Amino acid sequence: MKQSDGVNPKSDSFETFLWNEPVGWNELPTRSPIRILDDWWRHRSGETGKLPARRDVDPIELGKAVIPWIFIMAVIRDGDDLDYLYRLVGTANAQLVGRDATGMLASDIFRGKDRAVIKASFDETVEARKPTYWRAAIPHEQEFSVSVYRAIYPLSDKGETIDHLIAAAIPESVHLER
């Protein structure tokens, strides 16, 4: 990517998250793969009355339409401050943003305003202990930007503390087959 495309080639970190706005569940496209992830999360949390755990994530259950788009992050706590370690990044998501962030901290990937935008969306999900939904435009290597829907879901291995997030960022143009 060229620097003008929103990525600094020396640091490989985003410099320009073009925009990000919260949306309601009802604003998600009905044929978006996010709906499958949403159904999975709601089914898992409804079964036990507790938040799903990282160990509940089953790639076969989520299916081929969702797995390439998800990312799973460990919540890293340092006193009251939170950071997010990318534990898994789906192949389609890595292609979309131009890198595989697996093993990287969000604070090392995003800079300036972008760090605040991304951190706020992740922090809001942790604090609310429920899914959050977003519509955003992200820089893209071949186009100026790509509009995406983002959904972020809390996970808890012990049912109390949010220790992971599972999320998806899927271009508006991606739809499930009928």
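This is a predicted model: local features need pLDDT of at least 70, side-chain atom pairs count only at pLDDT 80 or more; totals for chains, interfaces and linings use all residues.
**Entry 1. Overall layout.** I counted the elements next. The chain has five helices and eight strands. I read their order from the N terminus as β-β-β-α-α-β-β-α-α-α-β-β-β. I then looked up burial for the chain. Of its 178 residues, 49% are buried. The exposed surface comes to about 9100 Å², and carbon and sulfur atoms supply 50% of that area. I also checked how far contacts reach along the sequence. Taking contacts between residues at least 6 apart, I found that 56% join residues at least 24 apart.

**Entry 2. Aromatic pairs.** I describe a pair of aromatic rings by the distance of the centres and the angle of the planes. How many aromatic pairs does the count give? It gives four. I looked up Trp41 and Tyr153 among them. Their rings are 5.9 Å apart, centre to centre, with 40° between the planes, and the pair is tilted. Trp41 belongs to helix 1 (residues 34-48) and Tyr153 to strand 7 (residues 145-155), so this pair links distant parts of the chain, 112 residues apart. Are these two residues buried or exposed? Both Trp41 and Tyr153 are buried.

I went back to Phe71 and Tyr86 for the geometry. This pair is tilted too: the centres are 5.8 Å apart and the planes make an angle of 35°. Why does the pair tie together separate parts of the chain? Phe71 lies in strand 4 (residues 70-78) and Tyr86 in strand 5 (residues 81-89), so the parts it ties together are 15 residues apart in sequence.

I then looked for a cluster. Trp41, Tyr133 and Tyr153 form one. I also checked for a charge over a ring. The charged end of Arg35 sits over the ring of Trp25, 4.1 Å from the ring centre.

**Entry 3. Strand 6.** I found Tyr133 in strand 6 as the bridge partner of Val23. Strand 3 (residues 19-23) pairs with strand 6 in the antiparallel sense, over five bridges. Strand 6 also runs antiparallel to strand 7, and eight bridges join the two. There I noted Ala137, which stands opposite Ser147 in strand 7. How many residues of strand 6 are buried? Seven of the eight are, so strand 6 is largely enclosed by the rest of the structure.

**Entry 4. Arg129.** I looked at backbone angles here. Phi of Arg129 is near 60°, a positive value in a residue other than glycine. I placed Arg129 in the loop between helix 5 (112-128) and strand 6 (132-139). Its relative accessible area is 35%, so I list Arg129 as partly exposed.

**Entry 5. Ser156.** My last stop was another loop. Ser156 is in the loop between strand 7 and strand 8 (164-171). Is Ser156 buried or exposed? Its relative accessibility is 1%, so Ser156 counts as buried. I checked what its side chain meets. A polar atom of the Ser156 side chain lies 2.9 Å from the backbone nitrogen of Gly159. Leaving out residues up to four places away in sequence, I found that Ser156 touches Leu51, Pro52, Ala53, Thr161, Ile162 and Asp163.

Note on methods:
Residues are numbered from 1 along each chain as its sequence is written. Side-chain values use heavy atoms; hydrogens and water are left out. Rings of Phe, Tyr and Trp (its six-membered ring) pair if their centres lie within 6.5 Å; planes under 30 degrees apart count as stacked, over 60 as edge-to-face and the rest as tilted. Helices (H or I, at least four residues) and strands (E, at least two) are DSSP runs, numbered from the N terminus. Buried means under 20% relative accessible area, exposed over 50%, partly exposed in between (1.4 Å probe, protein chains only). A charge sits over a ring if NZ of Lys or CZ of Arg is within 6 Å of the ring centre and within 35 degrees of the ring normal. Contact means heavy atoms within 4.5 Å. Accessible areas come from the Shrake-Rupley method with a 1.4 Å probe; for residues, only the protein chains shown count as cover. A polar contact is a pair of N or O atoms within 3.5 Å; within protein, one must be able to donate a hydrogen and the other to accept it, and residues adjacent in sequence count only if both atoms are side-chain atoms. Two strands pair if DSSP finds at least two bridges between them.
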